[in-house]
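Me: I am new to this structure. Please show me how to read the main features.

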Amino acid sequence: MTKAIRIHANGGPEVMRWEDVPTPEPGAGEALIRHEAVGLNYIDVYFRTGLYKSALPATIGMEGSGVVLALGVGVTDLAVGDRVAYAGGPIGAYATQRVIPADRLVLLPAEIDFNTGAAMMLQGLTAQYLLRRTFPVQAGQTIVVHAAAGGVGLIMCQWAKYLGVNVIGVVSTPEKAELAREHGADHVIVGYQDLPAEVKRITGGAMVPVVYDGVGKDTFNISLDCLAPLGLMVVFGNASGPVPPVDLGVLTAKGSLFVTRPTLATYTAKRSDLVAAAAELMDVVAKGVVKIRVNQTFPLSEAAAAHIALEGRKTTGSTVLIP
Ligand code: NDP
């Protein structure tokens, strides 16, 4: 037997239960891994509450690092004992051991420890596709990043800075503002009510070509008002709830704006894209350009406390659950 956090119904953090589960066996093309660390992500909250659907009972979680224990038939590019990490579906990371399609795993270089590996994959690959593919930022541009002291946020601030971009970070407290500044944000706005006016002031009226918004419902309209004509609104999350249906005429009125609602799953669906993005991420981490801040750790068995902290906006940077 192994241990896993399972949910039997959608709901609050209390629906997560630490249970015995049979040790899974890897099928064809799969690997059995022992987790050394599991990444906590906001998407775990969406699967717990039912905003994102899964069959029940379910083991939630989409990110981890660990060691390969066994391989199914047909897996030729991994060996038992390899150090690996992954991000993305299928869910099932909140477990001491799990099986996963082997083509979702990447090797973890010796210089990257397991906690960093579990913290960096989902949030780091997200920062990678947002900054390099959804809207390929260019040196000298100014961008807006919401939740700039969060997991994705701190990585985006550092990576954008490295690319020569001016970051306007948005956070909820002065302490988070300090953290975002320390990680490369050139300007930090506490609270978003006056954001368009602040962006106007900072950009001398030009506004920004892109807003990266993982907050969703509460900030959508405010973010649109920060964009220059033909600007791109990137809604990549729902921390405050999903954005309700949009009247497309609003995009016309505000300057022929573009909107996208991307997900990492699309950007890493092809193995070649996953490998290329992970290589870029590992490179900036290895160079020290992007430091992965594991600012909270919790025992995996206490995942409920981690969810309460994340939803309560009490975390900064990344959080790791230890099996
Ligand atoms: P964070 O560490 O950023 O935590 C969420 C942060 O959102 C909070 O700390 C808080 O920062 C801010 N926030 C604003 N309003 C609320 C609210 N009402 N309730 C809770 N938090 C709020 O989480 P992650 O780094 O894991 O994820 C950031 C976002 O990116 C999430 O929306 C997530 O779903 C999304 N995401 C999307 C991916 C994709 O491919 N589409 C992949 C990965 C993440 P503050 O207090 O400063 O406002």
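Me: How many nonpolar, polar and charged residues does the shell around the ligand have?

Reply: Start with the classes. Ala, Val, Leu, Ile, Met, Phe, Trp, Tyr, Cys and Pro count as nonpolar, Asp, Glu, Lys and Arg as charged, and the others, Gly among them, as polar. Here the shell has 13 nonpolar, eleven polar and four charged residues. This is a predicted model: local features need pLDDT of at least 70, side-chain atom pairs count only at pLDDT 80 or more, and totals for chains, interfaces and linings use all residues. Residues are numbered from 1 along each chain as its sequence is written, and side-chain values use heavy atoms, with hydrogens and water left out.

Me: Which residues are closest to the ligand?

Reply: A residue is near a molecule if one of its heavy atoms lies within 4 Å of it. The ligand is surrounded by 28 residues. Tyr129, Ser172, Lys176, Gly214 and Phe236 are the closest.

Me: What is 2.5 Å from an oxygen atom of the ligand?

Reply: Look at pairs of N or O atoms within 3.5 Å. An N or O atom in the side chain of serine 172 is 2.5 Å from a ligand oxygen. For arginine 313, a side-chain N or O atom lies 2.8 Å from an oxygen of the ligand. A ligand nitrogen is 3.0 Å from a polar backbone atom of proline 262.

Me: How much of the ligand's accessible area does the protein cover?

Reply: Accessible areas come from the Shrake-Rupley method with a 1.4 Å probe. On its own the ligand has 910 Å², and the protein covers 92% of that.

Me: Which element gives the largest share of the shell?

Reply: Helices are DSSP runs (H or I, at least four residues), numbered from the N terminus. α2 gives the largest share, four residues. Domain bounds come from an automatic or database assignment. Domain 1 (2–121 + 292–322) and domain 2 (139–261) each give at least three residues to the shell.

Me: Is glycine 151 buried or exposed?

Reply: Glycine 151 is buried, at 11% relative accessible area. Its place is in helix α3.

Conventions. A polar contact is a pair of N or O atoms within 3.5 Å; within protein, one must be able to donate a hydrogen and the other to accept it, and residues adjacent in sequence count only if both atoms are side-chain atoms. Helices (H or I, at least four residues) and strands (E, at least two) are DSSP runs, numbered from the N terminus. Buried means under 20% relative accessible area, exposed over 50%, partly exposed in between (1.4 Å probe, protein chains only).
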